[in-house]
Amino acid sequence: MTQGPATRPFKFAGCVELRQALDVHALDVRELRQRIEEAPAGAIFFHTFGYFLRHRVFTTAYGNDFARWTANEIGDQALAERLAVVDPFAFSNIDDLREHLVTILQDHLRGREAERRVEFDRGFHFQQSQVVEVPLGVAAQTLGEFRGGLATVDESAIYLHTVETRARQRHAESFADWVREALEMPELAERFERIDPYLTTIERIRGRLLSLVDVALDEARR
Amino acid sequence: MSRIDDYRRVATPGAVDFILKLAEQVQGRRFLSVTSGRLGGGAAEALRTAMPILSELGVDTRWEVTGGDTAYYTTARSLQAALEGEERVLSDEGLARWVDMNGLNAKKLDLEADVTVVHDSQPASLVSARTGGRWVWRCHFDCSSAQPGPWTFFRRFADQYDAAVFGLPGFEGRLGIPMYIVAPSIDPLSERNRDLAPREVSEILTSLGVARDKPLLVQVARFARACDPLGVINAYRLVKKHHDVRLVLAGTADGEPERLELLSQLLEAAHEDRDVIVLELPPEAHRQVNALQRAATIVLQKSVRAEFDLGPAEAMWKGKPVVGGYAGGLAQQIITNVTGYTVHSVEGAAFRIRHLLNNPELIPRMGAAGREHVRRSFLITRELVDGLALGVHLTR
């Protein structure tokens, strides 16, 4: 592991998720399956990965909006559980994730005639988001400076540099890429990437990142 | 007047700095808001709070107001009601007059801006006079059940905008432009929501004639069928069989005949039971509402049809669990089992109230969770972030 200055500075950025309504709605599970099949990739992202930005403190047990709606509005706890255990981070692209969700719903619907249908205001309203990146004016050239920024930046920055950069192309750089390439610390980068962001809060991810950085700083001091 | 730095002590850590960074990104751009008036609630109330803060942030922002004659206002009111789903008779002549008057408004007003945000339906046809910049239609109501004819007429104007903004997913009508979602918010430093000393709360309640010798159930809402105050009384009566509580219904009747009739029914119920208190308050009684919500043990918001009533957010900000109807924005604000409960019936409301009164340790726990939920999702700082981010997105 090296501890020298990075070959390029890390620039922290936060983000705002501008939510966009798609005028696409599902009022029962059959429609949910159909709409998931047709919805833009951004909508699948919003209702799965984006869930972690919106549920900061009250991370519910559902893990994505489809599972939450199925539990709360349709009242089908068994289906909700099957959808909840879908870890979006386990898929290499959105289409594979979409296919997996559709397969679960298709399997659930097999042999069923009637499904509970809800009124429009309780329907599943598909959305997607435009993520606006906001440079925070905080930069790091060393691991110590990186720690300082990591500890204090707005929590949307943690989401942007971990979840968003992992799943979608962004201007902002991922924490792991910078540590690997600019600090030349591939082991630390690998540890960053092993952090499981599923079913946790952004603040807990921050805490785990800080612990890993502290260990690396301690090792370098010895 | 609140200064942006005052929000540091109430908003999430880093929120104010984040707003300052976003504001830097829109420096040099001109923003314009257009409404049908400067007084009252809704858009005007939100702008009265936001405009001074945006000015302090150095954002170039102006506010224009449309006007017209009696026929213009009559048609504008009917059109708005029809877009909200009510049956209305709209004549071709009246609609033509509305369009013509907004044409005159467009000539009188200074509409030069990089981003023009037109609020609700009355000034919406101004967009026909657009010469430059980006135009946004900000809809503060639920138009998902608009009457088809009026919506078809209105859509020819709405589709001329670059984007529309709604308060809740599902509130949108069919449009061919991008539709964004920005939930409304409360101002934690306003007279209605600022901290009150316990002595102040006691004094205000004494002046209102509300004793605090038993748990208080409070609903603050218009005396309208949509807010179901009679259902609240029935829920209270079910609870009263088991718990010695007092119910306070505070609201306005606005002089409307249907609401006045409802108010008289409520007063009759109050006459029969000394623990039911009905308070008709003026719209500007923010301090009294603040004190009532702070004195409440449980806040009720049993609306059966709601736009985006922020009553639950106000109550949760004051650390109160909320039992609310499942309507409009209420279900969006209340996290069931965490900050309160959403209910579908009088019996359901009574059941949840009894559950809380029988398990009093839940009350402060839910109250604290509610305050934190509001801090993150329903304070004006979050709405400023969304608004500025939309400005950045539209002008980059």
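Strand 8 of chain B and strand 9 (residues 276-280) of chain B pair in the parallel sense over five bridges. The model is predicted; local features need pLDDT of at least 70, side-chain atom pairs count only at pLDDT 80 or more, and totals for chains, interfaces and linings use all residues. Residues are numbered from 1 along each chain as its sequence is written, while chains are lettered from A and ligands numbered from 1 in the order in which they are written. Helices (H or I, at least four residues) and strands (E, at least two) are DSSP runs, numbered from the N terminus. Pairing of two strands requires at least two DSSP bridges between them.

B:Ala250 stands opposite B:Leu279 in strand 9 of chain B. Strand 8 also pairs with strand 7 (residues 216-220) of chain B, again in the parallel sense and over five bridges. Here B:Val220 stands opposite B:Ala250. Two right-handed β-α-β units involve strand 8 of chain B: one runs from strand 7 through helix 7 (residues 229-240) to strand 8, and the other from strand 8 through helix 8 (residues 257-272) to strand 9. A crossover is right-handed if, with the strands pointing away from the viewer, the path from the first strand over the helix to the second runs clockwise.

Strand 8 (residues 246-251) of chain B is mostly covered, with six of its six residues buried (20 or more other C-beta atoms within 10 Å of the residue's own, C-beta atoms being placed from the backbone). Both faces are covered. B:Arg246, B:Val248 and B:Ala250 lie on one side, and B:Leu247, B:Leu249 and B:Gly251 on the other.

In helix 13 of chain B, the buried residues include B:Met366, B:Ala369, B:His373 and B:Ser377. The buried residues of this helix pack against helix 10 (311-317), strand 11 (322-325), strand 12 (340-343) and helix 14 (380-395) of chain B.

The contact between chains takes 21 residues from chain A and 26 residues from chain B; two residues are in contact if their C-beta atoms, placed from the backbone, lie within 7 Å. Strand 1 (10-26) and strand 2 (124-140) of chain A each supply at least two residues of the side of chain A that touches chain B. Strand 1 of chain A and strand 6 (residues 179-181) of chain B run antiparallel, joined by three bridges. A:Ala21 has B:Met179 as its bridge partner in strand 6.

Key: Buried ≥ 20, exposed ≤ 12 C-beta atoms within 10 Å, placed from the backbone.
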